[in-house]
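Hi,

Here is the structure I promised to pass on. Have a look at it first, and then read my notes below.

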Amino acid sequence: MQYRKLLLVCSVSLILGGCAATHTMISKRNLEVQTKMTDTIFLNPVEDSQKTIYVQLKNTSDKPNFNIEGKVRHALEGKGYTVVGSLNKAHYLVQANILQIGKVDPSAAEKAFTGGYGSFIQMAGAGVATGALLSGGRGGSMLAGGLIGGLVDTIANATVKDVTYTVITDLQISEKAAQGAKIKQTDESNLKQGRSSSSKQTSISQVGWMKYQTRIMSMANKANLDFKDAQPILEEGLANSIAGIF
């Protein structure tokens, strides 16, 4: 009798484990990519003579080979803009910093995204759920069945994974102010003095640029997705999103 129950538990575990893995493989068989911004930036139309842009892109993530500069330049030039090598000749300044690239839990990525430009990022890795061991019941048969069920579930999850890669970027676009315009900029910083005190610094200066800021998140999702397959599409999406503002 116990042998039959053990066989039944093992059979159900195999079916459920296989079904879960199969469902993930089927529902996530196609690569899904999306790119979105926290805030919309509207730029006023300008004459063709002012369609000049200076581009400054940085990557402070742990994947230095993720490079979008060429794609950004190509996308901007496709819109009729000229990328210049001198800031003095530019009407626009595009500054971007790629903060995070990697495999993450989608909910953690969404939280980092909604924090907006300049907010703190704390990402959780994409975990793999494992089957829990059954306890109690009628002694050894239930425990053995639970162990096998957990093992089957663990193997299935290890074989088929729902993988999401994200790229989070802070973007600042500056537009040269009209001649004669006076723009005041206030900068504040809080400096720690040991563990018990801090000091606050405030400076007010006159600048010649109007600045707009936003955060961009690019996301790729697929079963068993490898980063080398996701990278070119994520780079393209991010470059097009930056150029799409113009």
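This is a predicted model: local features need pLDDT of at least 70, side-chain atom pairs count only at pLDDT 80 or more; totals for chains, interfaces and linings use all residues.

V33 has its place in strand 1 (residues 32–37). Residues are numbered from 1 along each chain as its sequence is written, and side-chain values use heavy atoms, with hydrogens and water left out.

Back to V33: its relative accessibility is 36%, so it counts as partly exposed (buried is under 20% relative accessible area, exposed over 50%, partly exposed in between, with a 1.4 Å probe and protein chains only). Together with L31 and I233, V33 makes a nonpolar surface patch of about 190 Å². Patches are made of residues with over 30% relative accessible area and no salt bridge; like charges are joined within 9 Å, and nonpolar side chains (Val, Leu, Ile, Met, Phe, Trp, Tyr) within 5 Å. The areas come from the Shrake-Rupley method with a 1.4 Å probe, and for residues only the protein chains shown count as cover.

**Strands side by side**

Strand 2 (residues 52–59) pairs with strand 3 (residues 82–83) in the parallel sense, over two bridges. Pairing needs at least two bridges found by DSSP. I53 has V83 in strand 3 as its bridge partner. Strand 2 also runs parallel to strand 4 (residues 92–103), joined by seven bridges; there, L57 is partnered with A96.

**Charged pairs**

How many salt bridges are there? The count is six, taking a salt bridge as a side-chain nitrogen of Lys or Arg within 4 Å of a carboxyl oxygen of Asp or Glu.

One of them joins E235 and K71, at 3.1 Å from N to O. E235 lies in helix 5 (residues 227–243) and K71 in helix 2 (residues 69–78), so this pair ties together parts that are 164 residues apart in sequence. E235 is buried at 7%, whereas K71 is partly exposed at 28%.

Another joins K63 and D62 (3.9 Å, N to O). K63 is partly exposed at 25%, and D62 is exposed at 60%.

K228 and D226 also meet in a salt bridge, at 3.5 Å from N to O. Here K228 is exposed at 59% and D226 is partly exposed at 35%.

Cheers

Technical notes. Helices (H or I, at least four residues) and strands (E, at least two) are DSSP runs, numbered from the N terminus.
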